[in-house]
Amino acid sequence: MLEKMEKGFDPEEVIEEFEALTKDAKRVQVETLKRILKENGEAEYLKKWGLDGKTDTESYRTCVPLVTHKDLEPLIQQIADGATHPILTGKPITTITLSSGTTEGKRKFVPFNDELTETTMQIYRTSFAYRNREFPIGNGKALSFIYGSKQFKTKGGLLAGTATSNVYRSAQFKKTMKDMQTPCCSPDEVIFGPDFHQSLYCHLLCGLIFRDEIQVISSTFAHSIVHSFRSFELVWEELCSDIKTGTLSTRITVPTIRTAMAKILKPNPELAYKIHEKCLSLSNWYGLIEELFPNVKYIYGIMTGSMEPYLKKLRHYAGGIPLLSADYGSSEGWIGANVNPTRPPEMATFAVLPHIGYFEFIPLRDAGPLDRIEPRPVGLTDVHVGEEYEVVVTNFAGLYRYRLGDVVKVVGFHNSTPELQFICRKDIMPAINIDKNTEKDLQLSVEAAAKLLAAEKLEVVDFTSQVDLSSDPGHYVIFWEVSGNASDEVFKECCNCIDSAFVDAGYVSSRKVQAIGPLELRILKRGTFQKILDHYVGLGCTLNQFKMPRCVGPVNDRVLRILCDNVVKSYISSAFG
């Protein structure tokens, strides 16, 4: 594949290749597993399970157990500590990926290698090819709110950084972006700057300088794009001043960033005046992106799952510019590409690339908790439309039958490969009694109550939750940051609305018999979620990797402390009497 990329690529050729692969996905899966097992046959982990060189699917699924990260953690740690013998892979692992740590409260080490960089480019190229059919772009630039974390060396000398940083630093990434005619408008010094506040300011400044050339606005997650334009609301006059005078704001103190920006920033009073007038003409910043960047074809990022709550605000900023959801993957690797880009983000589906890994799916009715062993997964082409599954991944970087913890729904097939809709992370909200609420249920309940705020011309800036078991019975606590002040009556009504909007039968029946206590709504000071973001960035997470945890567990004690220290009002539901 690297050889192909050196020659550039023709989107129609990419589509042709994908169509051929997906017409016989079962055969491709068999060949992919065979290749993975052959390349890693000397790995101690595979030898331990007695495969004895066998590479067929039946032997693999019989011999090798399903695992979670917890099972592999000691082995990955040995690799990070410098073990020289082949533990999980045949070839040595030279890089470690760090997860964001937002979901489970601590950052995970995940093996990373060149194969994963290649599959990332394969995903990018595939989805771009289909996207370009519907939204063709010319030669231009992208305003990409991307940030590279600082890489460090593990005890054993391996480079460690976020998955996105590992990709952004690769030559393949820059080559692919250039081939897609959307190189990032910001210099590397901004992308890899040590202070994300300064990098964000300069991303915005670069975007404005190159405003007529910007064809795509993107980030890894929708949250990052919304956060960037919320920040723009606060600094737009300063940005205009920089453009007018050609002098960079004193808020930028990193020497490498100042030097790089000096090559781009020249006095342009006419541009500064134009941007200033456009900002003044907007009503509550509606259509901001459309006004600032007249040639943008679409806004692109992951917009499913925990990103859905940001879509309303993103649409507000976008005006008439289409929102396109990016592809489906995780810190552990990629799974599917969005080959139906015209679907709204809430309906986005992802066609699994059958050659980038070996995939299995546990029917949700059989899945059980992540620590229960041996439910019965089915193969990629054996899934059924309408059913929900937990995803199991085998990849080229040492993960074998790895339970990803994601719940997906099969909504159709692209030739013979399934098209998946992301539903939620599994086991995000722990049960109090017989309740089985998911991240999606929480989101829908918050959205229902937010409509009451909309009538007051207010919005929920962000939200999270906690299952409070400190009293008996336990109860749900919802944390809201709101854009302004509402009356106690309105917040009380919102609290009751959230409580009654949960439709899970186990929750409703438990509330009726007081086996679950009344839901509590806590209103936070403005800027609380910024403090949480700053906390995670301080731990090494990047802005474009950040996902707000929708349920904060006891392991996230620092985040819980930030939330509890910033509560200004609290309301108790009376929805169930």
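Over which residues does pLDDT stay under 50? In this predicted model, pLDDT (the predictor's confidence in each residue, from 0 to 100) remains under 50 over residues 1-7. For residues 1-7 the model has 15 contacts beyond four places in sequence, a contact being heavy atoms within 4.5 Å. Where pLDDT is low, the predicted coordinates should not be read in detail. The average pLDDT of the protein is 86, and 91% of the residues score at least 70.

Residues are numbered from 1 along each chain as its sequence is written, and side-chain values use heavy atoms, with hydrogens and water left out. As the model is predicted, local features need pLDDT of at least 70 and side-chain atom pairs count only at pLDDT 80 or more, whereas totals for chains, interfaces and linings use all residues.

Helices (H or I, at least four residues) and strands (E, at least two) are DSSP runs, numbered from the N terminus. Helix H3 comprises 15 residues, 25-39, and reaches 21 Å from its first C-alpha to its last, close to the 21 Å expected at 1.5 Å a residue; the expected span is 1.5 Å times one less than the number of residues. Its buried residues are Ala25, Val28, Gln29, Thr32, Leu33, Ile36 and Leu37. Seen down the axis of H3, these residues fall within an arc of 165 degrees, so they line one face of the helix. Buried denotes under 20% relative accessible area, exposed over 50%, and partly exposed in between (1.4 Å probe, protein chains only); the arc is that of the directions from the helix axis to the C-beta atoms. The packing partners of the buried H3 residues include helix H2 (11-23) and strand S16 (417-425).

Strand S16 also belongs to an open sheet of 8 strands, in the order S9-S10-S11-S16-S15-S14-S12-S13, with antiparallel pairing. Strand S9 (328-330) and strand S13 (378-379) stand at the edges with a single partner strand each, so one side of each lacks a neighbour in the sheet. Two strands pair if DSSP finds at least two bridges between them; S9 and S10 do so in the antiparallel sense over 3 bridges, and Tyr328 has Gly336 in S10 as its bridge partner.

Thr349 lies in the loop between strand S10 (333-337) and strand S11 (350-352). Thr349 counts as buried because its relative accessibility is 3%. The side chains of Thr349 and Arg343 are joined by a polar contact of 2.5 Å. Such a contact is a pair of N or O atoms within 3.5 Å; within protein, one must be able to donate a hydrogen and the other to accept it, and residues adjacent in sequence count only if both atoms are side-chain atoms. Not counting residues up to four places away in sequence, Thr349 touches several residues, among them Ala337, Val411 and Leu420.

In strand S19 (residues 520-524), 5 of 5 residues are buried. Glu520, Arg522 and Leu524 point one way from S19, and Leu521 and Ile523 the other way. S19 pairs with strand S18 (residues 475-482) in the parallel sense over 5 bridges, with Phe479 opposite Arg522. With strand S20 (residues 567-572), S19 pairs in the antiparallel sense over 5 bridges; Ile572 in S20 is the bridge partner of Glu520.

The buried residues of helix H21 (residues 528-538) are Thr528, Phe529, Ile532, Leu533, His535 and Tyr536. They cover an arc of only 155 degrees around the axis, which puts them on the same side of H21. Their packing partners include S18, S19 and helix H22 (557-565). Gly540, which follows H21, has a positive phi near 110 degrees.
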